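I am opening a notebook on this structure. The entries follow the order in which I looked things up.

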Amino acid sequence: MAAKQRFALLGSGFIGQVHAQNLAAHPQVELALVADPDAARAQAVAGRYGAQVADVTQAINSDAIDAVLIASATPSHAELLAAAARAGKAIYCEKPIDLSLDRAKRVVEKVLPFNLPITVGFNRRFDNSHQQLKRHLQQGAIGRTELIQMVCRASEMPPLSYLQASGGQMRDQAIHFFDLLRWLTEDEVSRVGALGAALALPEISAFGDVDTSVLIMQMNSGALAQLDNTRRTGYGYDERISVIGERGMAESASQCPQGATLWQGSQVTRPGLWPDWFSRVRETYYQHLDAFVRQLNGEAVADLPGLVDGLQAQAIAEAAVQSLAEKRFCNIERIVF
């Protein structure tokens, strides 16, 4: 049996605590160190799982760890990624690498020559139904892809403070589906057109954000894709992807936590959707971590998103932001190193 991979967790906020729980639960992982500018929060997480507290520099450079999981505030990702690479550590970095695509590219250019195992946090790839959809496409079940329709509808608005620091709907919410689109189709987006509005929370228009949007994209193959996003629904968390081909359709449908439907005379009561995004995708965080650990232990893992995947999804997001502002279709920068 392979030795345990010793991890340092950088960041112990909400998503850091999600990762801490998964690191502690994984049989081939030791959560060794926790670092966070909030010392009390770091101590609470470390104490919960039997880890030690360290400052960030100590954690990254410690000989007692093999890998770093970066779950800190977004503005710190790029700097921590570069530091962990210089220290020769394997790295799991939450998305995005940086809110500035240019800065993210500069950091990736410096990090790639280290040739380290690095994955970026596009955990939606590890959703079981999305993986089944991918297999259908790889097996040619519907023939040539012609149209992709995607839905990403969150149930509740995040706090205003979160939205102000998030980078906007395209970089924060839609970006997961830009990655899924590339991964599922094994194709690149060539151009995007976006319309958006601040309908659920008009205040966010003051800093140029939207909470409701519709995007149309064209792939290099000529296939068309459509994505609609909203930050707030009145009916639960709704995530689904349909791929239409020349011989049929494959779909990863909306999901509910209970499967029973009640039929009474002329009335039918069906179960509702998951109440929030995290309930729906919680398991994908563990599955992504597990895939990364299997890679560290020598297994070939096909679905792991890497640094260039992170940049290319962000390039689509940047073009979508430009399209929203300029009300025209925008071409996507192709990231090549």
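I began with strand β4 (residues 67-70), which pairs with β5 in the parallel sense over four bridges. Val 68 of that pairing stands opposite Ile 91 in β5. For the record, helices (H or I, at least four residues) and strands (E, at least two) are DSSP runs, numbered from the N terminus. Two strands count as paired if DSSP finds at least two bridges between them.

Before going further I noted the basis of the values. This is a predicted model, in which local features need pLDDT of at least 70 and side-chain atom pairs count only at pLDDT 80 or more, while totals for chains, interfaces and linings use all residues. Residues are numbered from 1 along each chain as its sequence is written, and side-chain values use heavy atoms, with hydrogens and water left out.

**Entry: the parallel sheet**

I then checked how strand β5 (residues 90-93) is covered. Ala 90 and Tyr 92 on one side are buried, as are Ile 91 and Cys 93 on the other, and both faces are covered. Buried means under 20% relative accessible area, exposed over 50%, and partly exposed in between (1.4 Å probe, protein chains only).

At the β3 end, two bridges join β3 to strand β2 (residues 29-35), and the two run parallel. Val 34 stands opposite Val 53 in β3.

The peptide bond from Lys 95 to Pro 96 is cis, with omega near -10 degrees.

**Entry: the mixed sheet**

The next item was an open sheet of seven strands, ordered β12-β11-β7-β10-β9-β8-β15, with mixed pairing. The edge strands here are β12 (248-252) and β15 (330-331), and each pairs on one side only.

Which strand did I find largely enclosed by the rest of the structure? It is strand β10 (residues 224-230), because five of its seven residues are buried. I listed its two neighbours. Strand β7 (residues 145-153) runs parallel to β10 and is joined to it by seven bridges; Cys 152 stands opposite Asn 229 in β10. Strand β9 (residues 212-219) runs antiparallel to β10, also with seven bridges, and Gln 218 has Leu 224 in β10 as its bridge partner. The hairpin of β9 and β10 has four residues between the strands, and Gly 222 there takes a positive phi near 100 degrees.

On the β11 side, β7 and strand β11 (residues 238-245) run antiparallel and are joined by eight bridges. Leu 147 has Ile 244 in β11 as its bridge partner.

**Entry: positive phi outside glycine**

I looked up two residues other than glycine. Glu 186 has a positive phi near 55 degrees and sits in the loop between α8 (169-185) and β8 (189-197). At 59% relative accessibility, Glu 186 counts as exposed. Lys 327 has a positive phi near 55 degrees and lies in the loop between α10 (307-326) and β15. Its relative accessible area of 67% makes Lys 327 exposed.

**Entry: Thr 284**

Is Thr 284 buried or exposed? It counts as buried, because its relative accessibility is 4%. Thr 284 belongs to helix α9 (residues 277-296). Apart from neighbours within four places in sequence, Thr 284 is in contact (heavy atoms within 4.5 Å) with Asn 123, Phe 126 and Asp 127.

**Entry: the whole chain**

The protein chain has ten helices and 15 strands. Of its 337 residues, 51% count as buried. Among contacts between residues at least 6 apart in sequence, 72% join residues at least 24 apart.

The radius of gyration, taken over C-alpha atoms, is 20 Å, which agrees with the value near 20 Å for a compact globule of 337 residues. That globule rule is 2.2 Å times the number of residues to the power 0.38. Along its principal axes the C-alpha trace spans about 60 × 50 × 45 Å.
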